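I opened my notebook to look up a few things in this structure. My notes follow the model itself.

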Amino acid sequence: MGYLLKKDQLSTTNMFNNTRMTPHFLPSKPFLLLLLTGLLGSVMAQTPHDFSLNEAIRFATQQNLNVKNTQLDALSAEARIKEVKGLALPQINVGASATYNAIIQKFIFPAGGFGAPVDSTSTGGGSSNGDDVTAIPFGVKYQGSVAANVNQLIFDASYKIGLRAAATYRELAQKNIAASKINVAEQVAKAYYGVLVSTERLKLLDLNITRVDTLLRETRAMNSQGFVEKIDIDRLEVQLNNLKTDRQNVKNLVDLSYNLLKFQMGLPINAPIQLTDQIETYSQQDLERAAVLDSAFDYGQRIEFSTLQTQITLADLDYQSIGKQYYPRLTAAATYGHNNGRNNFMDFWTTQWFNSAAITLNLNVPVFDGFQKRYAAQQRKIAIDKARQSGELLKNSIDLQIRQATVTLSNNLQTLQSQKRNMDLAQEVVRVTRIKYKEGVGSNIEVLNAETSFREAQTNYFSSLLDYMITKVDLDKALGKLYTGQ
């Protein structure tokens, strides 16, 4: 985030250029640089950054943690895609083993069999008969081997389906990012409008306080001259105290609205910000024009519907991959290695090692699997049918959301127009009753009642204005126009 420095905020830095110091007290350049850096950092930290609504949404879509999490999911999807592609690359493994045979296994042969000498001690009696056997050690004490193995996929019909699914998976990850940005844009817009409305309400309360405070001073002056009673002053003081209490409550609401906005934007709560949009920029004509709907609507504009279509595509590819598993699978393997075996440990390392090599082609032809793939395909087909029915249900849900938001926006617009008219009328009543009171033809109670009605009209107007703004955000989201990533 960049911050701009105002000229008056840099006056502290100019002090070092204009101040003359004696050589004995002149600081070193590194010290000056460090001090300047600290002062500039402090000034920049206190400088609020300006945000329009579009800038706030753009900033939030880059900094919000929910968006960052979906972006991490997209990176994970890219890694998954590369993992799938790696199945077609050679798979190389190198291994080695060393074995010490503490007790060498012996194989039993008939005495004299295979040209082996007769071992009379093995019979227990020394006689040479058909039961005599010979035990011959089969192996050496030390054995070792080292080998490299290469496996290569040559043909797998389901692999191409996997590549297509990987590309679709990437598309799904990007749509999830877009969905999270739309949700963030919705929350930021509502919070932004909440700050604008609360701030404008606070301004009007300040005007009301100023007006009542002026009337209170005028009434005190009239009381000192004997034209009004003390009770008139007390009533105005009660009115002024109520206004100040309302102002404090609204001020707390403004602070809370700012904190909510910064939270939705992904900013620290203590970060100073300033909103550049104003309620005055939204004229009554603009509000009425915003309620006019465009008849053209495409369900593909809704990210939820677009995401569901991608999920259906993935489910269909999964279904196709089951059918490809009926095709033969061809792989190749090559092995090369050395081995050795000796009874003496030193000979094991110094004598010749014997090499070996082999090349293998493996053809796997599925014949019968107990109908496993058949029923797996049925499950995938059912999942596709359910997803398509969910698509129809989502269409109906979108239609209902648009209809509800449209009706609510129309009602809120009528309420807003009515409350605006009431507020203007209440303001005029306040003006007339104050003139009558000053000319002595009106009462203090009439002025207080007019002020109370005016304040209630203001509260109702800003409440309806906030409702209208929020409903407009809901309608834009229902139409898929809230955030397009531009």
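**Entry 1: Phe-371**

I started at Phe-371, which sits in the loop between strand S8 (354-364) and helix H10. Helices (H or I, at least four residues) and strands (E, at least two) are DSSP runs, numbered from the N terminus. The model is predicted: local features need pLDDT of at least 70, side-chain atom pairs count only at pLDDT 80 or more, and totals for chains, interfaces and linings use all residues. Residues are numbered from 1 along each chain as its sequence is written, and side-chain values use heavy atoms, with hydrogens and water left out.

I looked up the backbone of Phe-371. Its phi is positive, about 65°, although Phe-371 is not a glycine. Is Phe-371 buried, partly exposed or exposed? Its relative accessibility is 41%, so Phe-371 counts as partly exposed. Buried means under 20% relative accessible area, exposed means over 50%, and partly exposed is in between (1.4 Å probe, protein chains only).

**Entry 2: helix H10**

Next I followed H10, residues 372-438. At 1.5 Å a residue, its 67 residues should span 99 Å. The expected span is 1.5 Å times one less than the number of residues. The end C-alpha atoms of H10 are 95 Å apart, which agrees. Just after H10 comes Gly-440, with a positive phi of about 85°.

I stopped at Thr-408, which has its place in H10. Thr-408 is partly exposed because its relative accessible area is 35%. Which distance separates the C-alpha atoms of Thr-408 and Thr-471? I found 6.9 Å, although the two are 63 residues apart along the chain.

**Entry 3: helix H6**

H6 has 36 residues. Its first and last C-alpha atoms are 52 Å apart, close to the 52 Å expected at 1.5 Å a residue.

Lys-244 is in H6. Its relative accessible area is 45%, so Lys-244 is partly exposed. I also checked Asp-206, which is 38 residues from Lys-244 along the chain. Their C-alpha atoms are separated by 8.6 Å.

**Entry 4: H6 against H11**

Two packed helices are described by the angle between their axes and the distance between the axes. At what angle do H6 and H11 pack? For H6 (residues 230-265) and H11 (residues 444-478), I noted an angle of about 10° and axes 10 Å apart. Axes are lines fitted to C-alpha atoms, for helices over the stretch in contact, and angles run from 0 to 180 degrees between N-to-C directions. H6 and H11 are therefore roughly parallel to each other. Angles under 35 degrees count as roughly parallel, over 145 as roughly antiparallel, 65 to 115 as roughly perpendicular and the rest as oblique.

I listed who makes the contact (heavy atoms within 4.5 Å). From H6, the residues include Asp-232, Arg-235 and Leu-236. From H11, they include Asn-444, Ile-445 and Leu-448. The contact residues divide into four nonpolar, four polar and five charged. Ala, Val, Leu, Ile, Met, Phe, Trp, Tyr, Cys and Pro count as nonpolar, Asp, Glu, Lys and Arg as charged, and the others, Gly among them, as polar.

Asp-476 is also in H11. Asp-476 is buried, because its relative accessible area is 18%. Leaving out residues up to four places away in sequence, Asp-476 touches Lys-481 and Leu-482.

**Entry 5: H3 against H4**

I then looked at H3 (residues 53-63) and H4, which pack at an angle of about 50° with axes 6 Å apart. That makes H3 oblique to H4. Ala-60, Thr-61, Gln-62 and Gln-63 in H3 meet Leu-65, Val-67, Lys-68 and Gln-71 in H4. These residues divide into three nonpolar, four polar and one charged.

**Entry 6: Pro-90**

Where is Pro-90? Pro-90 lies in the loop between H4 (65-85) and strand S2 (91-100). Its relative accessibility is 46%, so Pro-90 counts as partly exposed. Not counting residues up to four places away in sequence, Pro-90 touches Val-150, Asn-151 and Gln-152. Pro-90 and Ala-332 are 242 residues apart in sequence and 9.7 Å apart in space, C-alpha to C-alpha.

**Entry 7: the whole chain**

Last, I took the totals. The chain has eleven helices and eight strands. Of its 486 residues, 30% count as buried.
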